[in-house]
Amino acid sequence: MTKRMVALGFEGSANKIGVGVVTLDGTILSNPRHTYITPPGHGFLPRETAQHHLQHVLPLVRSALHDAGVTPDQIDCLCYTKGPGMGAPLQVSAVVVRVLSQMWKKPIVGVNHCVAHIEMGRVVTGACDPVVLYVSGGNTQVIAYSEGRYRIFGETIDIAVGNCLDRFARVLTLSNDPSPGYNIEQLAKKGEQFIELPYAVKGIDVSFSGILSYIEATAVEKLKSNECTPADLCYSLQETLFAMLVEITERAMAHCDKKDVLIVGGVGCNERLQEMMRIMCSERGGNLFATDDRYCIDNGAMIAYTGLLAYAHGLSTPLEESTFTQRFRTDEVLAVWREPKESHVADGLKKDMRLQQVN
């Protein structure tokens, strides 16, 4: 009987610390996580977030191994988020993985956070080769796979859509439990009046900072004068932001000649965004693939699975290179686990690997 390959993965790039155990076929054996929640009106700062992760990471390791029914001896590799993300929180996972690697004599695999979201979405939904809309607190990108890499066709030129929602939630002093975006979504369902906001699409790129500045400046005045309710503002903001995202995604679909869309990242849990995207996909004869908060939101399983894909194809990270970085582009990763469709693609992959070795 062939031994199954198993990975332990650590995610801690933002306010969630997660540890997951996954097999190479995508079976999630365990996936516990803990979220750092701040008081209403406050964001999460790097230092305090890192302290939270330090407090919870080892109990999560014990829980993940126990729930999965595996021992350290059965783990093939240890995977961690190398970036992108917040520096101090990222450091926690990097340090823990280094220590466990030396204690358990296991190889390390550094993982790109964005690529991990994509691979988790693909394995959970069964999406084959879709255009990917990656929307979270720190990232907004429209992505498609081509010639060995996940290429970014469009993105935000300033702040991420999740950051825009989070910062507006602070204006309204909405609770951060379970997340600001979720509470905006619930309040938006009660909105009755649409308030026109700036709409900033630039080709396949978007800009959210102007919309945020406008709604921050007008929200207080409109609320004071009873021109609208907080629910109206949440409804209007969501509709505007999501319409922009649907537009750039559709433009990327036409450019890449693809019909299907996969939404990943924390904002991808939003049911209204999924509804708007599903309508657009159906009009183009395609399908929308999306997941719930178990897999959309940052988790350790997505890091474990993506790291295990790389490890199964001969990649690992030397101990001295098991660092972290706040900036790690999605298209920097050579996705060696994706099967090349044409011979010239394979040649391109070999050339990329030779260049990496030279550098």
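**Entry 1: helix 1 and helix 2**

I started with how helix 1 passes helix 2, and the crossing is right-handed. This is a predicted model, so I am reading everything here as prediction. I then looked up the geometry: the axes of helix 1 (residues 46-68) and helix 2 (residues 87-104) come within 8 Å and cross at roughly 35 degrees.

Which residues meet there? From helix 1 I noted Pro46, Arg47, Thr49, Ala50, His53, Leu54, Val57, Val61 and Leu65. Facing them from helix 2 are Ala88, Pro89, Val92, Val96 and Trp104. Sorted by class, this contact has eleven nonpolar, two polar and one charged residues.

Next I went to the UniProt record. Its unreviewed entry places a "binding site" at His113, His117, Tyr134 and Asp298. I wanted to know where these sit relative to one another. They span 186 residues in sequence, but no two of their C-alpha atoms are more than 12.2 Å apart, so they gather at one spot.

I took the histidines one by one. His113 lies in helix 3 (residues 113-125). Is His113 buried or exposed? It is buried, at a relative accessible area of 3%. Leaving out residues up to four places away in sequence, His113 touches Glu11, Ser13, Thr81, Gly83, Pro84, Tyr134, Asp298 and Met302. Two of those, Tyr134 and Asp298, are also on the UniProt list. I also found a polar contact of 3.4 Å between the side chains of His113 and Ser13.

His117 is in helix 3 too. I have it down as buried, with 2% relative accessibility. With residues up to four places away again set aside, its contacts are Tyr134, Val264, Gly265, Tyr295, Cys296, Ile297, Asp298 and Met302.

**Entry 2: Glu119**

While in helix 3 I checked Glu119, which is found there as well. Its relative accessible area is 1%, so I count Glu119 as buried. What does its side chain pair with? I found a polar contact of 2.8 Å to the side chain of Arg122. Beyond four places in sequence, Glu119 touches Tyr150, Tyr305, Thr306, Leu309, Trp337 and Arg338.

I picked two residues from it. Ser136 sits in the loop between strand 7 (131-135) and strand 8 (140-146), and Gly138 is in the loop between strand 7 and strand 8 as well.

Ser136 is buried, with a relative accessible area of 7%, whereas Gly138 is exposed at 58%. For Ser136 I wrote down contacts with Ala160, Val161, Gly162, Asn163, Gly265, Gly266 and Val267, not counting residues up to four places away in sequence.

**Entry 3: helix 4**

The buried residues of helix 4 (residues 161-171) are Val161, Gly162, Cys164, Leu165, Asp166, Phe168 and Ala169. What do they pack against? I noted strand 7, strand 8, helix 5 (180-188), helix 6 (209-224) and helix 7 (230-256). After helix 4 comes Thr173, with a positive phi near 50 degrees.

A reminder to myself: most peptide bonds are trans, and most residues other than glycine have a negative phi. I went looking for exceptions.

The bond from Gly83 to Pro84 is cis, with omega near -5 degrees. Pro84 lies in the loop between strand 5 (77-83) and helix 2, and both Gly83 and Pro84 are among the contacts of His113. The bond from Asp177 to Pro178 is cis as well, with omega near 0 degrees. Pro178 is in the loop between helix 4 and helix 5.

For positive phi I noted Lys105, near 60 degrees. Lys105 is in the loop between helix 2 and strand 6 (108-112) and is exposed, at 70%. Asn226 also has phi near 60 degrees. Asn226 lies in the loop between helix 6 and helix 7 and is exposed, at 66%.

**Entry 4: Arg284**

Arg284 counts as partly exposed, at 30% relative accessibility. Glu250 is 34 residues away along the chain, with a C-alpha separation of 9.0 Å from Arg284. Setting aside neighbours within four places, I have Arg284 in contact with Glu250, Met253, Ala254 and Lys259.

Key:
Residues numbered from 1 in each chain as written. Predicted model: local features only at pLDDT ≥ 70, side-chain atom pairs only at ≥ 80, totals over all residues. Heavy atoms only, no water. Axes fitted to C-alpha atoms, helices over the stretch in contact; angles between N-to-C directions. Helix = DSSP H or I, 4+ residues; strand = E, 2+ residues; numbered from the N terminus. Left-handed = near helix turned anticlockwise from the far one by under 90°. Contact = heavy atoms within 4.5 Å. Nonpolar A, V, L, I, M, F, W, Y, C, P; charged D, E, K, R; others polar. UniProt positions renumbered as here; feature names shortened; annotations may be inferred. Buried < 20%, exposed > 50% of the residue type's maximum accessible area, 1.4 Å probe, protein only. Polar contact = N/O pair within 3.5 Å; in protein donor to acceptor, adjacent residues only side chain to side chain.
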